[in-house]
Amino acid sequence: MEISSVAEVTIVYLDASYSAFAEPDIHEAEETVNDAMDAASSPHLVLDFIRTEYFGSVFFEVFFRLWKRTETRGGRFVLCQLRPDCLDILDTARLTTLWEIVPDVDAALKVIREHARSIELDSAP
């Protein structure tokens, strides 16, 4: 897993496979992402699946916690570059309607910019 920041948005580039993760590994990965989010000035999180060929349902719990944490901080939780098999997993679990899914990081950043603009307009006098 690699973590970077673009326009102050935390972007997590996930690894190739998350099928048989051991419990400590799952918590360590989540803690690493949480630490990166704490260090960022922006509450937004993008999970980039460009390298991910598969993830098991055990990882849904991590996605949910990251999503809730992002939402609580007023940010957007966006998934991008999902391969068809991974998208099918989310679709089967009915999660494609819950989370924003876009083609690439640029599209994710655009969604986040639009979200930020709408908040600015809502708070304008």
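Student: What pLDDT does the chain average?
Tutor: The chain averages 87, and 88% of the residues score at least 70; pLDDT is the predictor's confidence in each residue, from 0 to 100. This is a predicted model, where local features need pLDDT of at least 70, side-chain atom pairs count only at pLDDT 80 or more, and totals for chains, interfaces and linings use all residues. Residues are numbered from 1 along each chain as its sequence is written, and side-chain values use heavy atoms, with hydrogens and water left out.

Student: Where is confidence lowest?
Tutor: In strand β3 (residues 17-18), at a mean of 65. Strands (E, at least two residues) and helices (H or I, at least four) are DSSP runs, numbered from the N terminus. Where pLDDT is low, the predicted coordinates should not be read in detail.

Student: New topic. Where does arginine 94 lie?
Tutor: In the loop between α3 (84-92) and β7 (100-102). Arginine 94 has a positive phi of about 65° without being a glycine. Most residues other than glycine have a negative phi.

Student: Is arginine 94 buried or exposed?
Tutor: Arginine 94 counts as exposed because its relative accessibility is 65%. Exposed means over 50% relative accessible area, buried under 20%, and partly exposed in between (1.4 Å probe, protein chains only).

Student: And where is glutamate 8?
Tutor: Glutamate 8 sits in the loop between β1 (2-6) and β2 (9-13). Its phi is near 65°, also a positive value.
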